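These notes are meant to be read with the model open beside them. Please work through the points in order, finding each element as it comes up.

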Amino acid sequence: MTDQAQNPSREPFPRDGGRPACPDSPDSAASTTHLGSRPTDQAARLSLVAPNGSRTGPRTGTSTAARTGTRTGPRTAPRTAPPALVAVAHGSRDPRALRTTQELLSLVRELRPGLDVRLGHIELSAPLLPDTLAGLGRGDAVLVPLLLGRGHHVKHDLPLAAAGAPLLRTRIAAPLGPHPLLVEALYGRLVEAGWPADGPAPGGAAVVLAAAGSRDPESAVDTRRTARMLSERLGGVPVVPAYASAATPTVPVAVRALAARGHHRVAVASYFAAPGRFATASADAAPGIAAAPLGAHPAMARLLLHRYDSALAAAPPVPDTLAAGAALAALA
């Protein structure tokens, strides 16, 4: 019998209005140029400059380049396409996972028109990552894992896939978490499910951050950090990480532990990139509200591009299988 059966009533949290989950706050700056007080001198100097920017002769107005026959036009290098962004999802037998991931990548394309955005899966779903990389042929690509922390897939599977595509120069971006944009997506999904927006949480409220789980201890470190960041975003409400597999505590155990400490309004935040078996099982264990997976949230799309840009700025590409193999050995 599941915990849901033992707790058949799910008490919703009151809804309040609030600001958007992740507003954009672009910086702007304005500058003015103050010209000198002698416009005739300005005009005299400007008359010695041709429209293409070269200085002209003092009397005839003929450019120096025209008199000598040299070429003065700006030399512009041919524009090259930016490296492809290859989003690497885990894969799932749940058909909703593929649809959700495709919706997320559509948001990424809207934010960055002209960028070649592709999808590859580690397992269970097509297209598999090696097939996606083979389809790119030659050139440059950045592998952006749709994974929420450091673990076996990030440390081993992605470098191995890069080594198997020797014609590509590849970079591997950091996993999505921890990051403030990820926390904004978690917060937004909780509000959609009934958490009070930007208001005080009801007495006895707490949150279980339900994650997939990993045997890699660094993955648990990343999840705990995200839990602390989400607690701060919620105004100090306790947030306890829990796992669907490979680590403890499980989500039902975490819910019971919080109830034993007097937290009788427990919500489950879904720390999953897309729907699937683990996300469904975690939601079923929620005695109160259960948030949807992160999915195609606008903050997630912005985070993918942030990881892509950071990888381009920080790391040289892996040009061949030898270098990729060295990177793989370093991570082992």
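1. Four strands make up an open sheet, ordered β2-β1-β3-β4, with parallel pairing. Strands β2 (117–121) and β4 (168–172) are at its edges with a single partner strand each, so one side of each has no neighbour in the sheet. From one strand to the next the twist averages 30 degrees. Strands here are DSSP runs of E with at least two residues, helices are runs of H or I with at least four, and both are numbered from the N terminus. Two strands count as paired if DSSP finds at least two bridges between them.

2. Before going further, note that this is a predicted model, in which local features need pLDDT of at least 70, side-chain atom pairs count only at pLDDT 80 or more, and totals for chains, interfaces and linings use all residues. Residues are numbered from 1 along each chain as its sequence is written, and side-chain values use heavy atoms, with hydrogens and water left out.

3. Inside this sheet, strand β1 (residues 84–89) and strand β3 (residues 139–145) run parallel and are joined by five bridges. V86 has L143 in β3 as its bridge partner. Helix α11 (residues 298–314) lies across β1, β3 and β4, at about 130 degrees to β3. Such angles run from 0 to 180 degrees between N-to-C directions, with axes fitted as lines to C-alpha atoms, for helices over the stretch in contact.

4. There is also an open sheet of three strands, in the order β6-β5-β7, again with parallel pairing. Its edges are β6 and β7 (265–271); each has a single partner strand, so one side of each is left without a neighbour in the sheet. The twist from one strand to the next averages 30 degrees.

5. Strand β5 (residues 205–211) pairs with β6 in the parallel sense over five bridges. Going from β5 to β6, the chain passes through helix α8 (residues 217–233), and this β-α-β crossover is right-handed (with the strands pointing away from the viewer, the path from the first strand over the helix to the second runs clockwise). A211 stands opposite Y243 in β6. On the other pairing, β5 and β7 run parallel and are joined by seven bridges, and L209 has A269 in β7 as its bridge partner.

6. Is strand β6 (residues 239–243) largely enclosed or open? Four of its five residues are buried, so the rest of the structure largely encloses this strand. Buried means under 20% relative accessible area, exposed means over 50%, and partly exposed lies in between (1.4 Å probe, protein chains only).

7. Helix α7 (residues 180–193) lies across β5 and β7, at about 130 degrees to β7. Helix α9 (residues 251–260) lies across β5, β6 and β7, at about 165 degrees to β5.

8. The largest nonpolar core has 51 residues, of which L85, W195, V207, L230, L234 and L304 touch the most other members. Such a core is a set of buried Ala, Val, Leu, Ile, Met, Phe, Trp, Tyr and Cys residues joined through side-chain atoms within 4.5 Å. Leaving aside neighbours within four places in sequence, L304 is in contact (heavy atoms within 4.5 Å) with residues including L85, A87, V144 and L176. Another core, of 14 residues, lies apart from the largest one and has V268 and F272 among its members.

9. L129 is found in helix α5 (residues 129–136) and is buried, at 3% relative accessible area. Not counting residues up to four places away in sequence, L129 touches V86, V88, G120, H121, L143 and A161.

10. The loops deserve a check. Most residues other than glycine have a negative phi, and most peptide bonds are trans. In the loop between β2 and α5 lies P127, joined to A126 by a cis peptide bond with omega about 0 degrees. L124 is in the loop between β2 and α5, and has a positive phi, near 75 degrees. The loop between β6 and α9 holds P249, and the peptide bond from T248 to P249 is cis, with omega near 0 degrees. A246 lies in the loop between β6 and α9, with a positive phi near 65 degrees.
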